[in-house]
Protein chains: 2
Amino acid sequence: MPKPTPLSGFPELLPAQRVVEREVVAALSRVFELHGFANIETRVVEPLDVLAKGGEIDKEIYVLQRLQAGPDQTAADATLGMHFDLTVPFSRYVLENAGHLEFPFRRFQVQPAWRGERPQEGRYRQFTQADIDIVGRDELGFHHDVEVVRVMVEALGALPLPPLTFCVNNRKLIQGFYRGLGIEDVTTAIRVIDKLDKLPADVVAAQLVEQAGATAEQAQRCLELATIRVADTSFVERVRALGVTDELLETGLAELAAVVEGCADLVSDRVSVEVDLRIARGLDYYTGTVLEIFMAGYERLKSVGGGGRYDALASDGRTTYPGVGVSFGVSRTLLPLMADGVLAGSRPVPSAVLVALTDEESRPGAQRVATAMRARGIACEVAPTAAKFGKQIRFAERRGIPYVWFLPRPAAADTRDPDGADPAAEPIEPTHEVKDIRSGEQVAADPATWTPPTEDLRARVVGLETLAGARSSTTGAHASTNDTETP
Amino acid sequence: MPKPTPLSGFPELLPAQRVVEREVVAALSRVFELHGFANIETRVVEPLDVLAKGGEIDKEIYVLQRLQAGPDQTAADATLGMHFDLTVPFSRYVLENAGHLEFPFRRFQVQPAWRGERPQEGRYRQFTQADIDIVGRDELGFHHDVEVVRVMVEALGALPLPPLTFCVNNRKLIQGFYRGLGIEDVTTAIRVIDKLDKLPADVVAAQLVEQAGATAEQAQRCLELATIRVADTSFVERVRALGVTDELLETGLAELAAVVEGCADLVSDRVSVEVDLRIARGLDYYTGTVLEIFMAGYERLKSVGGGGRYDALASDGRTTYPGVGVSFGVSRTLLPLMADGVLAGSRPVPSAVLVALTDEESRPGAQRVATAMRARGIACEVAPTAAKFGKQIRFAERRGIPYVWFLPRPAAADTRDPDGADPAAEPIEPTHEVKDIRSGEQVAADPATWTPPTEDLRARVVGLETLAGARSSTTGAHASTNDTETP
């Protein structure tokens with residue numbers, strides 16, 4: 001096979017980058033589980049009638065065909081498409097398994113999805129998402145809106161990402177305001193206002209008049225509403241000052257205030273929660289809380305996550321399943337950060353220790369040392385060949401393995417005078433030794449008890465500041481390992 | 001949407017079953033990492049010319065098509081297929097990224113693969129595999145054959161599965177034996193012998209004569225070789241007793257003996273390693289060690305894993321990458337075991353504790369209790385509504401949550417005489433209490449220090465014996481929770 005080239009839109013990670021993705025997913029999963037969210041995975045395919053609803057997304061759906069239709073080819077084969085998000089398969093899963101689930105059902109799901117769209121930074125044809133949702137049967141208390149936002153704030157706030165902002169709004173607030181204002185086509189008005197990040201305000205105002213049947217005065221008030229952006233509950237008074245009264249508006253104001261207040265204790269340098277009355281989210285199924293997540297310095301990615309409340313996530317005609325959830329774009333966030341060097345894996349291998357070989361005969365002894373360390377949770381590998389020690393150390397260095405272990409040198413014992421007659425000869429006790437190849441420090445060590453410092457135990461995610469520090473110290477290590485030919 | 005029905009060949013797991021799959025994958029990953037294997041994932045699609053090589057598998061390949069070809073449709077879109085194993089994409093990944101990898105490169109990969117084959121027990125259209133491989137550049141020491149088998153023996157031996165047998169052979173041994181015997185078409189002979197588990201011995205012998213150009217005498221000796229099955233190195237003498245001499249045969253005997261001896265210390269009640277000279281594995285690319293893994297009581301699944309040595313896993317014409325690896329069928333093994341009730345998840349939710357609500361006003365206090373426990377790694381959730389305590393306890397029971405937490409009852413304080421004048425009244429200190437809903441035992445507890453027993457902390461895998469025990473104790477819990485309306 002000639003050297004393959006990457007496929008546009010289907011990014012793959014090198015081992016050290018994969019450390020970042022795995023650790024981020026593990027950290028998110030830990031928080032989700034502490035809050036009682038159960039993990040599920042759905043098959044990657046859905047019947048086309050579940051996926052294709054006549055919307056914009058349809059033309060991006062990948063459909064499965066068998067390469068050679070044989071006698072095993074079933075009609076079902078021809079009507080399967082790959083899911084383009086995790087919400088559609090999840091709602092199908094809830095309907096299909098409702099009899100086996102307890103409601104409210106909290107689940108998290110971390111899987112790839114596929115869209116045949118034009119690849120660009122943050123937009124891929126295969127990309128991984130991490131979703132949390134809470135779904136009720138027939139009813140779902142509003143407090144779950146606060147809960148699900150809190151959980152995602154807590155989970156993302158624990159990651160070494162640039163500062164994130166959760167921009168929150170409420171569909172009832174917008175709809176109630178428009179209705180109270182007297183706008184006839186509220187749905188269209190929401191869709192038009194949603195273009196405010198792409199179009200100038202006067203164009204949006206004109207479209208409100210043309211498409212949603214608003215007067216110029218009404219359009220102006222819609223824009224005033226959409227410009228309100230605050231980090232506390234002061235938005236309530238500012239909205240009331242616009243002079244619109246409506247019952248649904250009041251409910252929306254109260255719900256949105258509850259979300260902001262409910263998250264206040266989690267706000268930090270890393271994550272803030274702001275009311276942004278411009279956020280509408282185009283998708284028709286949102287009915288209350290809506291939110292989008294933005295990352296400082298990465299506004300060009302648009303949102304890195306989002307979600308909200310849907311009073312009818314799924315329905316089989318008899319029973320309706322309301323839900324509220326937040327989705328985080330794992331690939332969309334991590335790939336640009338890794339490309340920019342903001343995040344990296346500390347090393348491409350799990351091994352903390354390379355056990356060096358004195359000669360090929362020392363392999364069984366080296367394996368016993370490795371086994372003793374593994375029994376205590378220390379990842380290690382034995383050198384592939386009994387090359388010169390300097391070569392073995394450079395092998396470890398290229399792999400980012402911080403420690404090299406040396407077995408006792410049997411030759412050392414032979415240099416002793418068997419009668420002990422030479423008083424000048426120091427009695428040499430053969431011992432194991434371990435070298436930190438970054439500092440060059442080498443000390444005697446016992447394979448049954450020696451443990452590396454916690455920060456060296458596992459490959460881990462290093463963020464921007466840590467990366468800068470690590471770079472200079474690695475440079476130092478490179479310079480200092482030239483004189484370490486022998487242990 | 002009407003209630004959806006499952007798609008044949010695309011199994012999905014309920015939350016408690018997913019606990020089993022996740023814990024098994026986590027346990028395997030831990031062992032792989034302790035041995036220095038780095039995790040990677042590959043995109044799920046490959047160019048068709050990488051996948052389709054004119055073999056039997058071709059007709060099972062799923063090809064991607066865009067639902068509606070738009071201006072974004074590229075030529076590449078039309079030529080992508082979904083991978084049917086993890087070896088083909090891994091060898092492509094090695095070629096593509098060779099400049100960024102350090103060799104020997106140890107990797108593990110746990111991902112689904114897709115085959116459009118007829119679904120049956122243990123055979124699915126989407127199924128998850130866990131693969132480990134070690135790949136060298138130009139050369140790869142034989143000791144890695146021993147290493148990779150040892151790692152998989154250790155990893156699978158730690159799982160609560162029925163007893164497993166690793167049946168090991170060596171292609172050099174078979175090829176050398178056939179060559180020394182004077183059989184002309186060695187490749188065909190291997191392919192014919194591989195049918196011994198499907199066809200009677202005399203039919204195989206006849207095919208050796210007809211298809212591989214063997215004499216009846218040669219065919220007989222091939223069958224004699226194939227019937228040798230021992231758990232130690234005694235096979236060496238038994239093969240030599242067949243009177244065939246060949247250099248390649250000697251190499252194969254020595255390598256196979258090294259694998260069996262090298263794994264001897266890991267053999268247990270749960271995993272054994274046996275020499276089975278019938279194992280050939282049809283795939284052409286194996287060149288040395290070959291193995292298949294069988295599970296006691298599940299012989300109908302055929303092998304649940306397998307692998308071996310391939311001296312040219314990948315090649316770009318200039319550089320060749322030899323490899324050795326073992327693949328374990330996660331779905332093929334776990335789905336039948338779960339269907340049979342041999343394995344199950346201990347509960348469908350991560351939560352160890354449900355914090356009960358006295359009334360809706362107690363929710364903030366309940367959340368503080370939950371936060372205090374989560375800070376100490378205890379997964380918990382707050383009751384969705386302030387229903388009667390009995391209903392809240394049954395809610396926990398249905399979800400398999402073992403503990404229910406009760407906040408101090410403010411009403412209790414009110415019953416005390418403010419002057420302490422009533423000597424008969426016990427001074428009541430309002431305290432938190434926690435109930436084990438299986439035993440009914442309820443004790444005072446401090447949210448800052450109380451911890452459940454380790455076995456209750458996380459949802460975990462329970463095996464056959466444990467399951468039987470849990471069933472009877474759960475029945476007891478059901479009976480005893482009827483009289484727990486109030487804490």
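The domain bounds I use below come from an automatic or database domain assignment. I am also keeping in mind that this is a predicted model.

**Entry 1: two domains in chain A**
I looked up how chain A is divided, and I found domain 1 (15-344) and domain 2 (347-415 + 428-483). Taken over C-alpha atoms, the centres of these two domains of chain A are 47 Å apart. I then checked their contact: domain 1 of chain A brings 11 residues and domain 2 of chain A brings 10 residues. On the domain 1 side, helix 1 (residues 15-34) of chain A gives the most, with 6 residues. I sorted that side of domain 1 by class and got 9 nonpolar, 1 polar and 1 charged residues.

**Entry 2: a sheet in chain A**
Next I followed an open sheet of 5 strands in chain A, with the order 15-14-16-17-18 and mixed pairing. Its edge strands are strand 15 (380-382) and strand 18 (442-444) of chain A, each pairing on one side only. From one strand to the next, the twist averages 25 degrees.

Which way do strand 14 and strand 16 of chain A pair? I found the parallel sense, over 3 bridges. Within this pair, A:Val355 has A:Trp405 of strand 16 as its bridge partner. I also saw helix 12 (residues 363-374) of chain A lying across strands 14, 15 and 16 of chain A, at about 175 degrees to strand 15.

Conventions:
Residues numbered from 1 in each chain as written. Chains lettered and ligands numbered in written order. Predicted model: local features only at pLDDT ≥ 70, side-chain atom pairs only at ≥ 80, totals over all residues. Contact = placed C-beta atoms within 7 Å. Helix = DSSP H or I, 4+ residues; strand = E, 2+ residues; numbered from the N terminus. Nonpolar A, V, L, I, M, F, W, Y, C, P; charged D, E, K, R; others polar. Pairing = 2+ DSSP bridges. Axes fitted to C-alpha atoms, helices over the stretch in contact; angles between N-to-C directions.
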